Protein chains: 2
Amino acid sequence: MARQNGIVQPLLTDLYQITMAYAYWKSGKVNDVAVFDLFFRTNPFQGEFTIFAGLEECMKFLENFHYSNSDIKYLKQTLPENIEPEFYLYLKELTCKDIIVSAIEEGSVVFPRVPLLRVEGPLIVAQLLETTLLTLVNFASLMATNAARYRMVAGKNVSLLEFGLRRAQGPDGGLSASKYAYIGGFDGTSNVLAGKMFNIPVKGTHAHSFVTSFSTLDDIHRVTLTHAQTREPCNLLESAMEWRSRVSTVIDVSTEESSDGELAALISYAIAFPTGFLALVDTYDVKRSGLLNFCAVALALNDCGYRAVGIRIDSGDLAYLSVLARETFEKVGETFNVPWFAKLTIVASNDINEETILSLNEQGHKIDCFGIGTHLVTCQRQPALGCVYKLVEINGQPRIKLSQDVGKVTIPGHKEAYRLFGADGHALIDLLQRSSEPAPVVGQKVLCRHPFQESKRAYVIPSYVEHLYKICWKDGRVCTAPKPLSKVRERVQSSLRTLRQDIKRNLNPTPYKVAVSDDLYNFIHDLWLQNAPIGELS
Amino acid sequence: MARQNGIVQPLLTDLYQITMAYAYWKSGKVNDVAVFDLFFRTNPFQGEFTIFAGLEECMKFLENFHYSNSDIKYLKQTLPENIEPEFYLYLKELTCKDIIVSAIEEGSVVFPRVPLLRVEGPLIVAQLLETTLLTLVNFASLMATNAARYRMVAGKNVSLLEFGLRRAQGPDGGLSASKYAYIGGFDGTSNVLAGKMFNIPVKGTHAHSFVTSFSTLDDIHRVTLTHAQTREPCNLLESAMEWRSRVSTVIDVSTEESSDGELAALISYAIAFPTGFLALVDTYDVKRSGLLNFCAVALALNDCGYRAVGIRIDSGDLAYLSVLARETFEKVGETFNVPWFAKLTIVASNDINEETILSLNEQGHKIDCFGIGTHLVTCQRQPALGCVYKLVEINGQPRIKLSQDVGKVTIPGHKEAYRLFGADGHALIDLLQRSSEPAPVVGQKVLCRHPFQESKRAYVIPSYVEHLYKICWKDGRVCTAPKPLSKVRERVQSSLRTLRQDIKRNLNPTPYKVAVSDDLYNFIHDLWLQNAPIGELS
């Protein structure tokens, strides 16, 4: 992927990773071996789940991890002069061949504290990966989660299109948004380059400027279309004018109120796209102009052997206008005996967010497809996911990061994560264990403990146990075959299906439980006591 | 720039631009000539100004605008089968040679409704540029504005560093954020690749993981540093241990409470960076461990001929801790007769936004430098700027887009924009005129009218008139020499200085006035009446 080779490279990092690398190198820690966990502490969007995405891009980053000559030259100019020159030779040779990455499957639902990635290997190399891995996972997971939430509120039968490129955070922000919106459950994008790069369906029709570029019927340069079956020429202008008169009496709108420029634009568009005629109808007035002109052109197309696709509404009261449009289509279809007219597609696309969709659902809209831009691609409700990358073990010794804020205390050591399922197929709990412990066994009760609250404990008898980590990078190679985006997209939906509805709901969702084993609980708390200073009351 | 050639290309657009292009082409509008305005309607962040940025990237996009063979192949697969093959030949030959772009100078303060770019030329080409130009201007201007706002609240004497890469919206989101934060007034970034690509100062020290990777003093592998002047070896460990005892009595903290692992980390870091020792002091406890260990190492370094730089605090009450740190440095400096100790740099970097800085200002902090991440790079307070791109003229005929919402009515026709200044050097008003009108003249009164409210009018006598547009693209070439980022950055500050303080303030700022000439006012309203249908009361 051009973009990967372009900017996802070792210098796409914070300078302190490189200054730390030098300090480690200088203090003889070249052979130290570390374990880092990459995890987040809070689900985004006031929800109780997150979709993990970005893993494949992380793998490409590891594959290409290499400081070029020009990188080294830049670092020499940038770091202090007294850096030992051997350090640059050391950097020049660095690769990820001694790193092992274990990860949860991309597209899975994931929860706070359960590491998404576990990175093991030489301390210096593992440290140097931090920022780039976070950059690649944070936005990807945030976008996929946001998209999955839109999919849930919209329901299965509504199409969702990502229309956000112009409002995205830069060109690549737009591409990432298109990619991870698709993974999260969107059906397509307007972003052509994303379509080309990621093989995502691309969609789109025309803008208001197309309509306003026509003023009168004289602006139509071409009026003839060939009949789909008979191949006879049809005069679309004459036919549409006639239909406009007939429809105007049925839907009680005067032809004088409707815009001739709009009709000219729609006729021209229909001649260009007779098989894909989906028209924007709100340039002037949906009720008094757009719907009438659309019906006229759609019926003219019908006479010429083509079925129109539908309309797009980009302003106004979407519930009211979609109901009005549907009623109009039903009435016109019935009057002129064109039954499929009732099923024309209605697309809505004006500043839509999760709440708008919920509100439209309550009002009973007739929209078949939402085109969603700004709120989706900028994740307006929460524009960053807070994944962190924490040292949990060094040279076999566990490390704990203490904090006044219990939520920020890290869970130390090399760990495994399991998801325990109940008999109904729902996920019950995620369980972190020390890697030395045996895996939980189906049918046998497991003591699951809250990591920090002593009294919160429960026995769980799993009907199915999923080991969450797979080694995806070892010996300098990606260990898992890359999955097409469509498979990751399916994984998102199948993984979401294992979550109880109350965990997924929009309002006051129930938190999913993440627990530690009894052994890990004691391990954490022994270490905590060893590391916490004894204070003085004063 | 690698990234430009990579993804900023004609396919980085919405599909509907290409379907519209075909419909225009098919309906014989190949020789139509259009004028589009690119503008926004509301300033971001509840402020009353915006910084215009992204122009240079727009110019590179125009330079490289060309559909490759693989683009054409992809479009053939993607568009309907019945597209005429000649259209693809037409696309293949398209360039921006007949386009003229006029723009406001990059880095200027700009206001709602005043077009930032005016794009003139073949309708089809100008339409095809829309989405990409919006993508390039929207986020760049939003970030530069956000950064400029941080600069204003922080004041001139505080350094601002952009630390947001890990939370940015993808890799390029991170690079754009670094670049436009610098333009907006930041002093540097942690993003090494941004430093390399854009020649921005890069900054950074170490993370908590560096500190926690050391457990005891035995983890120090190297204790010797060469004296800066005498070149004698200094034992930094012995010296720091001795200083730790001495300082502990001065600042009333027991050496037993302070972390030996932290001391080991700081000594190792100081040995690696004796001339740039800036230490993170909140891994365990700023008061009881971090400050003591830092002072010990800084004084040991001092004995060895080096001056420490300072500390970074990444958690807790930043006002309190910065004051505590300053007092500690003053006391230690005075006690041991090291006067520069009082001036050590204090960096703060925990989830800082505009409001945090304002609150810290009120509390009287002692911070010299803020490292700002998430809130800056995601523009959390408003993650998108709503620039739009509207057709205002076609084949010499003005176009107006009407809307129930007056704020969305476009100002039609080919226009010029002027900024009128008062005798004190402050900008008074931005004035839009029809291009056929003579420019306002210094010392002569000009009638400035609200574009939509008939009674809002004022006479202005400018002491200086700035014509806001320069032609920056014509005859297939960039007309203005590219400016180094540092010049654009200076332009931001000099442009902001021309704005009255009440327009720039954080709370309830005064709106800056944007007006139209009397001639343009009448032109708008005549067109409006011509185009608006006469409704019926019912």
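Trainee: How many helices and strands does chain A have?
Mentor: Chain A has 18 helices and 23 strands. Keep in mind that this is a predicted model. The C-alpha atoms of chain A fill a box of roughly 85 × 55 × 50 Å along the principal axes.

Trainee: What share of chain A is buried?
Mentor: Buried residues make up 63% of its 538 residues. The label needs a relative accessible area under 20%. Chain A still exposes about 20,000 Å², and carbon and sulfur atoms supply 48% of that.

Trainee: How do you know that A:C234 and A:C304 form a disulfide?
Mentor: Check the sulfur atoms. They are 2.3 Å apart. The cut-off is within 2.5 Å. The pair passes, so it is called a disulfide.

Trainee: Why is the disulfide of A:C234 and A:C304 called right-handed?
Mentor: Look at the torsion about the S-S bond. It is about 90 degrees, so the disulfide is right-handed. A:C234 lies in strand β9 (residues 233–235) of chain A, and A:C304 lies in the loop between α12 (286–303) and β11 (310–313) of chain A, so the pair ties together parts 70 residues apart in sequence.

Trainee: Why are A:C234 and A:C304 called buried?
Mentor: A:C234 has 15% relative accessibility, so it counts as buried. A:C304 has 0%, so it counts as buried as well.

Trainee: What makes B:C234 and B:C304 a disulfide?
Mentor: Their S to S distance is 2.3 Å. Within 2.5 Å is what the label asks, so the pair qualifies. The torsion about this S-S bond is about 95 degrees, so the disulfide is right-handed. B:C234 sits in strand β9 (residues 233–235) of chain B, and B:C304 in the loop between α13 (286–303) and β11 (310–313) of chain B, 70 residues apart. Both cysteines are buried.

Trainee: How do you know that B:C295 is in no disulfide?
Mentor: The nearest cysteine sulfur, that of B:C304, is 18 Å away. The limit is 2.5 Å, so B:C295 has no partner. B:C295 is at 0% relative accessibility, so it counts as buried.

Trainee: How many disulfides are there over all chains?
Mentor: The count comes to two.

Trainee: Why is B:C448 called buried?
Mentor: Its relative accessible area is 3%.

Trainee: Which residues touch the most other members of the largest nonpolar core?
Mentor: A:F294 and B:F294 do, in a core of 377 residues. Helix α6 (residues 123–154) of chain A gives the largest share of this core, 20 residues. Setting aside residues up to four places away in sequence, B:F294 touches, among others, B:L266, B:F277, B:F329 and B:L344.

Trainee: What makes β15 and β22 of chain A edge strands?
Mentor: Start with their sheet. It is open and has seven strands in the order β15-β14-β1-β5-β3-β21-β22 (chain A), with antiparallel pairing. The strands β15 (397–398) and β22 (477–478) of chain A each pair on one side only. That makes them the edges.

Trainee: How do you know that β1 and β5 of chain A pair?
Mentor: Count the bridges. Six join strand β1 (residues 33–39) to strand β5 (residues 117–122), and the two run antiparallel. A pair needs at least two bridges, so these strands qualify. A:D37 stands opposite A:R118 in β5(A).

Trainee: Which strands does helix α3 of chain A lie across?
Mentor: Helix α3 (residues 55–63) lies across β3 (100–103), β5, β21 (470–474) and β22 of chain A. It runs at about 25 degrees to β21(A).

Trainee: How do you know that β6(B) and β7 of chain B pair?
Mentor: They share two bridges, in the parallel sense. In β7(B), B:G188 is the bridge partner of B:L161. Strand β6 (residues 159–162) also has four bridges to strand β13 (residues 369–372) of chain B, again parallel.

Trainee: Is A:T205 buried or exposed?
Mentor: Its relative accessible area is 9%, so A:T205 is buried. A:T205 is placed in the loop between α8 (192–198) and α9 (208–212) of chain A. Beyond its neighbours within four places in sequence, its contacts include A:Y269, A:R312, B:Y16 and B:M20.

Notes:
Residues are numbered from 1 along each chain as its sequence is written. Chains are lettered from A and ligands numbered from 1 in the order in which they are written. This is a predicted model: local features need pLDDT of at least 70, side-chain atom pairs count only at pLDDT 80 or more; totals for chains, interfaces and linings use all residues. Side-chain values use heavy atoms; hydrogens and water are left out. Buried means under 20% relative accessible area, exposed over 50%, partly exposed in between (1.4 Å probe, protein chains only). A nonpolar core is a set of buried Ala, Val, Leu, Ile, Met, Phe, Trp, Tyr and Cys residues joined through side-chain atoms within 4.5 Å. Contact means heavy atoms within 4.5 Å. Axes are lines fitted to C-alpha atoms, for helices over the stretch in contact, and angles run from 0 to 180 degrees between N-to-C directions. Accessible areas come from the Shrake-Rupley method with a 1.4 Å probe; for residues, only the protein chains shown count as cover.
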